[in-house]
Amino acid sequence: MGWHANDIALLNRLWSAGQSAAQIARRLGCSRNAVCGMLTRLGLKRGHKPPTATPKIRPSPKLRPTSSAACARPVARKVSRNTAERQQPKEFSKQQLYSMLAEPVRNTD
């Protein structure tokens, strides 16, 4: 499609009126890309449209505990000496650790 002076004048008028590139293309009988290209060559920019509605910013909802038990502090459990001794890790010497690690390596051969 060749761009005539009439088409360019109509393009300028419709663009400044706020019509979209697709609407202008339908009116001129060309593709939307052709209209976008001519707008670029003419240096016409729409800029940013003002927002159509003012967004309502809502505060985030406050989480409420489901029951009073959820708010209670955790109670310290009484631990007997036998369980306390079992929970402590057994300490090994370096020699014992090396021998434990070397055994699976020997078994892979």
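Author: A disulfide is counted where a pair of cysteine sulfur atoms lies within 2.5 Å. The model discussed here is predicted, so local features need pLDDT of at least 70 and side-chain atom pairs count only at pLDDT 80 or more, whereas totals for chains, interfaces and linings use all residues. Residues are numbered from 1 along each chain as its sequence is written, and side-chain values use heavy atoms, with hydrogens and water left out.

Reader: How many disulfides does this rule give?

Author: In general, a disulfide is a covalent bond between the sulfur atoms of two cysteines. Here the count is zero.

Reader: Is Cys30 buried or exposed?

Author: A residue is buried under 20% relative accessible area, exposed over 50%, and partly exposed in between (1.4 Å probe, protein chains only). Cys30 is buried because its relative accessible area is 18%. Cys36, with 24%, is partly exposed.

Reader: Which residues form the largest nonpolar core?

Author: A nonpolar core is a set of buried Ala, Val, Leu, Ile, Met, Phe, Trp, Tyr and Cys residues joined through side-chain atoms within 4.5 Å. The largest one has twelve residues, among them Cys30, Leu11, Trp15, Ile24 and Met38. At least two residues of this core come from each of helix 1 (5–17), helix 2 (21–28) and helix 3 (32–42).

Reader: Which residues does Leu11 contact beyond its neighbours within four places in sequence?

Author: Contact means heavy atoms within 4.5 Å. With those neighbours set aside, Leu11 touches Trp3, Ile24, Val35, Met38, Leu39 and Leu42.

Reader: How many helices and strands does the protein chain have?

Author: Both are DSSP runs numbered from the N terminus: helices are H or I with at least four residues, and strands are E with at least two. The protein chain has six helices and zero strands.

Reader: Which residues make the nonpolar surface patch of about 260 Å²?

Author: Nonpolar side chains (Val, Leu, Ile, Met, Phe, Trp, Tyr) are joined within 5 Å, and like charges within 9 Å. Accessible areas come from the Shrake-Rupley method with a 1.4 Å probe; for residues, only the protein chains shown count as cover. This patch is made by Phe92, Leu97 and Met100. Met100 lies in helix 6 (residues 94–108) and is partly exposed, at 41% relative accessibility.

Technical notes:
Patches are made of residues with over 30% relative accessible area and no salt bridge: like charges are joined within 9 Å, nonpolar side chains (Val, Leu, Ile, Met, Phe, Trp, Tyr) within 5 Å. A salt bridge is a side-chain nitrogen of Lys or Arg within 4 Å of a carboxyl oxygen of Asp or Glu.
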